[in-house]
Each structure stands twice: as C-alpha cells, then as structure tokens.
Amino acid sequence: MDLILSVADSLVFDTVWAKLVPLTAFVDAPSIPTSSPQAVLSTAPSAWTDLLRSLPHPPIPAEIASGALNSTVSSLSAWPRDYVPRQLISVTILTIIGIHVLYFLFAGLSYYFIFNHEMMKHPKFLKNQVRQEIQSSLRAFPGMIALTLPCFMAEVRGYSQLYDDVGKYGWTYLVLSVPLYLLFTDYFIYWIHRLLHHPLIYKHVHKPHHKWLIPTPFASHAFHYLDGYLQSVPYHVFIFIFPLQRALHLVLFVAVNFWAIFIHDSEMITGGFWENIINGPSHHTLHHLFFTCNYGQYFTWADRVGGSYKHPMPELDPFLEVLQAAKKAGKIE
C-alpha cells in the first residue's frame, strides 16, 4: 500500500490536498502552531479560510512561516504526505477504489471468458445468483476495509519489513521469498478456513459464502465481512515478520486476489499432473459442494496433512447434473 500511496501522491493527491487544505490558509493565520515565532499575518480572512484554520495540522516549518518560500506555498498542503489524518483518508480512498477495481475487473474477465455459463443451468444454481453474489460482495467491502485499514496504515507508517533495494537481501532471497510467501499464507489460510467451518463459528460467519453451491467468479468476495478479513490476515501479517521487496509484494497481493477469484469458476478439469499439487478451481468446486474438504488456497499439501483432501474425479463434476437435467428435459439425447 505504501508504494501505491506514494505513486498516488505524486500523480493526484499532492495537488488535491494542496487545494483542500492549502498551506496558505495557515501561513497567513493570526495564530498558527509553528516551529518559528515569525509568521505573516493576514487581514479579513474568508469564512472558508476560517473553516480551514479550524482543522488540525502539524507545525509549519520556520522558513515557510517567515515567508522565505512564498513562491511555492500555493502549491503545498498544510497536511504533508506523512501526516496521519491525510494518510488515513488517502489510504481509505485507495482501498475503496482498489477493492472494487480488482473485484469487477478480474471477476468480470473470469466470468465472461473462463466461467462455463452452462453451469447456470445447474439445479442448485440460484435464481438471480450473479446479482446476489455482487450485492453480497458490495455489502462486505465496507467492513473488510475498516478492519484492514490498521494493517495498511502500519505498512504506510513504516512498521513492516518491506524494502526497496534488491541488493539489501540479494536476488536469491528475492526469488525464495515468493514460495515462502505462498507457503506461509496458504498454511495459515488453511487453518483459518477450517476454523471457520467449526459449528460454533460457521453459521454466524462462513455460512453466507456457502450459499453459492455452484459459484461464479463473482462469489469470490461474496461472504461475511469478518470472513473475508480473517482469510486475508496472513497476507498482511507476513510482511511484518519476513522481509519482502516492495514491488514484489504488490505483484503478489494482486496475484492472490486474482487466484481467489479464479478458483470460483466451478470448473472440474481433471486428470492433470498439477491437480495433485495445486488447489485449483476443481478442488474449490468440491469444497463448495461438500463443505468439509479442500480448505487450502493454492496447494493441496495442507489438506493432505490435515486429512481433509478430496481429489477431483470426473464423476464428481457438477456439470454432469446439468447434462442429466438437459436429458430429462429432452434437450439432448
């Protein structure tokens, strides 16, 4: 998030904040919190300026307050980049935009180009299900964002182990940090997901996500907001424990969001070598159908160790029920 915020500041937010909370409103104020006793006083401030002056802000640098940099004051905000209220509002805006863009872009692409629309004829596919999935997701987003903001703010404030220079840990660590990230998050998501299926928790938190027995990609985020947040915790925790290159972190974060969408396309492609290792759409389709298997996110190993692995078999393909229904209706022979 700190990388995205930095880019957004340079492209948009510096200008926006300079207009919303201009430094000039405080430099000319009769009384300003400043690190210098010198300040230029203005006369007859407008009502808008008075309103702005009521806002909190950090001390004005002495050279600006004394007028030494008046030529640049008009392009500056009284809320600098590292000011917490500005960061909190900016990060909130970016998170709201980001989660909607990722969801509708990736889910839309997967729905239109990968998802088999014949699955919508399945007996267990709900009426207006796609609309319900989208509505459920949109209801979950505010709560998920609110719970995630402390993690993003801690990252932006520099408390994470993110770094810029690849040479700090070397290329070998950079490469190995990818499987480390995937294994760490996969293992803890497995246990979080399995815990969400405990009877005392399931009906209150995770059951809404299992409303979709034949999910579409839009079901990927269609769950209780607490459910979505809990399953995202390992991604956020990782960067506070292990060093991770900042740009790589952004790539991985986007990639895992895409994967979460991709595995909800209800496909049952079986017989490949990788299905023994990768927890793909076939495995997650079985999870939605049988509930108590294939809790993993990317790999099958945690389910194998935990005794919850169910191998995708052709006879378990829910599309067979679509074909059977079509035969009964006389649409196919």
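At 4% relative accessibility, His210 counts as buried. The model is predicted.

Q: Why is His210 called buried?
A: Buried means under 20% relative accessible area. His210 has a relative accessibility of 4%, so His210 counts as buried.

Q: What makes up the surroundings of His210, and where does His210 lie?
A: His210 lies in the loop between helix H9 (199-206) and helix H10 (225-241). With neighbours within four places in sequence left aside, His210 is in contact with His197, Tyr202, His287, His288 and Phe291. The word contact is used because heavy atoms lie within 4.5 Å.

Q: Why is the pair of Arg86 and Asp9 called a salt bridge?
A: The term requires a side-chain nitrogen of Lys or Arg within 4 Å of a carboxyl oxygen of Asp or Glu. For Arg86 and Asp9, the closest N and O atoms are 3.1 Å apart, so the pair meets the 4 Å cut-off. Arg86 sits in helix H6 and Asp9 in helix H1 (residues 2-20), 77 residues apart, and the pair links distant parts of the chain.

Q: How do you know whether Arg86 is buried or exposed?
A: The cut-off for buried is under 20% relative accessible area. Arg86 has 3% relative accessibility and therefore counts as buried. Asp9, the partner of Arg86 in a salt bridge, is buried as well.

Q: What makes Asp14 and Arg81 a salt bridge, and which parts does the pair tie together?
A: The closest N and O atoms of Asp14 and Arg81 are 2.5 Å apart, so the pair falls within the 4 Å limit. Asp14 lies in helix H1 and Arg81 in the loop between helix H5 (70-73) and H6, so parts that are 67 residues apart in sequence are tied together.

Q: Why are Asp14 and Arg81 called partly exposed?
A: Partly exposed is the class between buried, under 20%, and exposed, over 50%. Asp14 has a relative accessible area of 25%, so Asp14 is partly exposed. Arg81 has 35%, so Arg81 is partly exposed.

Q: How do you know that Asp14 and Arg86 form a salt bridge?
A: Their side chains meet at 2.7 Å, N to O, so the pair is within the 4 Å limit. Asp14 is in helix H1 and Arg86 in helix H6, so this pair joins parts 72 residues apart in sequence.

Q: What makes Asp9, Asp14, Arg81 and Arg86 a network?
A: Salt bridges link these four residues. Arg86 pairs with Asp9 and with Asp14, while Asp14 also pairs with Arg81. The structure holds six salt bridges.

Q: How do helix H6 and helix H7 pack?
A: Helix H6 (residues 84-113) and helix H7 (residues 129-156) pack at an angle of about 145 degrees, with axes 9 Å apart. The residues of their contact divide into 18 nonpolar, five polar and one charged. Glu133 in H7 is one of the contact residues, and Glu counts as charged.

Q: How many of the residues in the protein chain are buried?
A: Of the 333 residues, 45% are buried. The chain has 14 helices and two strands.

Conventions. Residues numbered from 1 in each chain as written. Predicted model: local features only at pLDDT ≥ 70, side-chain atom pairs only at ≥ 80, totals over all residues. Heavy atoms only, no water. Axes fitted to C-alpha atoms, helices over the stretch in contact; angles between N-to-C directions. Helix = DSSP H or I, 4+ residues; strand = E, 2+ residues; numbered from the N terminus. Buried < 20%, exposed > 50% of the residue type's maximum accessible area, 1.4 Å probe, protein only.
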